2 protein chains.
Amino acid sequence: MNEFELIQNIFKASVMANTQGRKDILLGIGDDCAQVQVPQGQSLVFSMDTLVEGRHFPFDADPVDIGYRAVATCVSDLAAMGAKPAFFTLGLTIPKSDPQWLAGLAQGMAELAEPIGLTLLGGDTTKGPLTLTLQVHGYVEVRQTPLRSNAKVGDDVYVTGLLGDAAAAVPIVTGEVLVSNERLDYFYDRYWRPTPRLIVGMALKRVVNAMMDISDGLAQDIQHILKASNVGARLEADRVPISAELRQWQPESALSLALTGGDDYELCFTASKEQASEIQLITQTLSLPCTKVGEVASEGFSIEGYDGDISGWQHF
Amino acid sequence: MNEFELIQNIFKASVMANTQGRKDILLGIGDDCAQVQVPQGQSLVFSMDTLVEGRHFPFDADPVDIGYRAVATCVSDLAAMGAKPAFFTLGLTIPKSDPQWLAGLAQGMAELAEPIGLTLLGGDTTKGPLTLTLQVHGYVEVRQTPLRSNAKVGDDVYVTGLLGDAAAAVPIVTGEVLVSNERLDYFYDRYWRPTPRLIVGMALKRVVNAMMDISDGLAQDIQHILKASNVGARLEADRVPISAELRQWQPESALSLALTGGDDYELCFTASKEQASEIQLITQTLSLPCTKVGEVASEGFSIEGYDGDISGWQHF
């Protein structure tokens, strides 16, 4: 068995396992292309993310964590479209072929991918500096896609979950800051194990006007919605949902981390005020906190009660 | 304009230009996902390739060449499935944001992508060592996909075009070997401008039994067909199509390069003998040489008239 077959076998045993019983997959890994028949009445949505060691995750991280988080961050884009996960591809560049490391990566990917029905359906493995490029694909009914460009003046602006923990965790996961075991456990998971908001995304797609996932910080990401929709927004800082853990650990910078920190992978959406009770019902049913943080305005962008910088993660 | 928008604009002006009039593209670049509706009766095929600088192409290469070849090598997988190119995504990791370099890359990609109806429909740009991951997507009728696993004992084995030139060109394009201008022109193009065999692939899909593209050398790649089909093959070395240019320049190693060199991106296929005249007609109509190089046998693999090593490009 050559290195190439070895890698294939590692992935076959885990994330590639569940293609059986899938009518949409006509041809799996092993030919020049994979082949898929999108279910009747559905469209295909997809998103590609590249993660570079030392830039998007720390050097020498646990491969299980890398694998889980890589799938999670990419699947978060499917959640923002209200789509059902279907399959993903992996362009994996690794400095050396280490079976144990690869098995860890595959395990971490499978941990998230399997329960959400996402299967590995192709990719490429090359030698070079550690880089992962994932493309995730999902299905969604043609006319039910929540876009960034559909926010209306007067809409309420909401976010799911809690913001800021993942950004606060960065110096912990890189080892720059040492904290108590209890704090380590909480923040380590908040960075490495984001939960893509798939179910709430699917449930909300019928009631929201605009939706996206927050990867680069609320203050920066919501501006993508505002720009695409040609509207403005007024947010209120004291409505931004922040965990007790973060408030306690970093009372001074908690708000700034929540607004500009990134890596949370929660959803941000706008909806007309008439949908408020429906949204409350959905989020209560799913036990996911969902917080109104402001309103869509005709123009401008402000965050009342916050005078810090509002740019988030810079890609360059 | 930040670096990120700059990059988007460079690509928008070239490879991303032709999504207008495309009924299959419901949502282009700019949201969390792109959205596609696969045409009625068609299935989606896709393939991902990663190209690392210094490994899959030389350091400091012309970005126009890198762009063209990246699309060509990936699209070659669509040709092998007899599929019509539809769209692609690009995970681009670059050490720095150089507008001129990026414009060159986009130009090279557009040079091939535009005429074949392939449009850029998403991706990610990150900072790091130069690496390109492309995923190309095409459409093909559900029951007309030529697989690797369908070769039959007694089939003829064919290859399109000429083999070995691209591998011979490697020391020229890396600058290790200096040659005359005339030779440089010929071999430079043979390495940097492979022609994906799309039209012949689409025309042949009804008459072939098994088909794949040759990226790692005929001797190695055909074994993928043999393994997947559970058959053997006997090839004849003196039938392998080699250019006059390569025979003249490297008479001693021409055959070895043609069999094990890789990077040619021609098609290899098997077809029953009854299809011989139909195949001849197709390849004559398309003015593409198509050569019988051997036959499918019940077991074993041999190349009569060649006693060298028959392993091709190693991925690790």
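This is a predicted model: local features need pLDDT of at least 70, side-chain atom pairs count only at pLDDT 80 or more; totals for chains, interfaces and linings use all residues.
## Basis of the model

Local features require pLDDT of at least 70 and side-chain atom pairs pLDDT 80 or more, while totals for chains, interfaces and linings use all residues. Residues are numbered from 1 along each chain as its sequence is written, chains are lettered from A and ligands numbered from 1 in written order, and side-chain values use heavy atoms, without hydrogens and water.

## Annotated binding-site residues

An unreviewed UniProt entry lists A:Asp32, A:Asp77 and A:Asp213 under "binding site"; such annotations may be inferred rather than shown by experiment. They span 182 residues in sequence, with the farthest two C-alpha atoms 33.2 Å apart, so they do not all gather at one spot.

A:Asp32 occupies the loop between strands S1 (25-27) and S2 (34-36) of chain A (strands are DSSP E runs of at least two residues, helices H or I runs of at least four). With 4% relative accessibility, A:Asp32 is buried (under 20% relative accessible area; exposed is over 50%, with a 1.4 Å probe and protein chains only). Beyond four places in sequence, its contacts (heavy atoms within 4.5 Å) include B:Asp77, B:Arg148 and B:Asp213.

A:Asp77 belongs to helix H2 (residues 63-80) of chain A and is buried at 8%. Among the residues that A:Asp77 touches, beyond four places in sequence, are A:Asp213, B:Asp32 and B:Cys33.

In H10 (residues 276-285) of chain A, A:Ile279, A:Ile282 and A:Thr283 are buried. They lie on the same side of H10(A), because their arc around the axis is only 90° (taken from the directions from the helix axis to the C-beta atoms). On the other side, A:Ser277, A:Gln284 and A:Thr285 are exposed.
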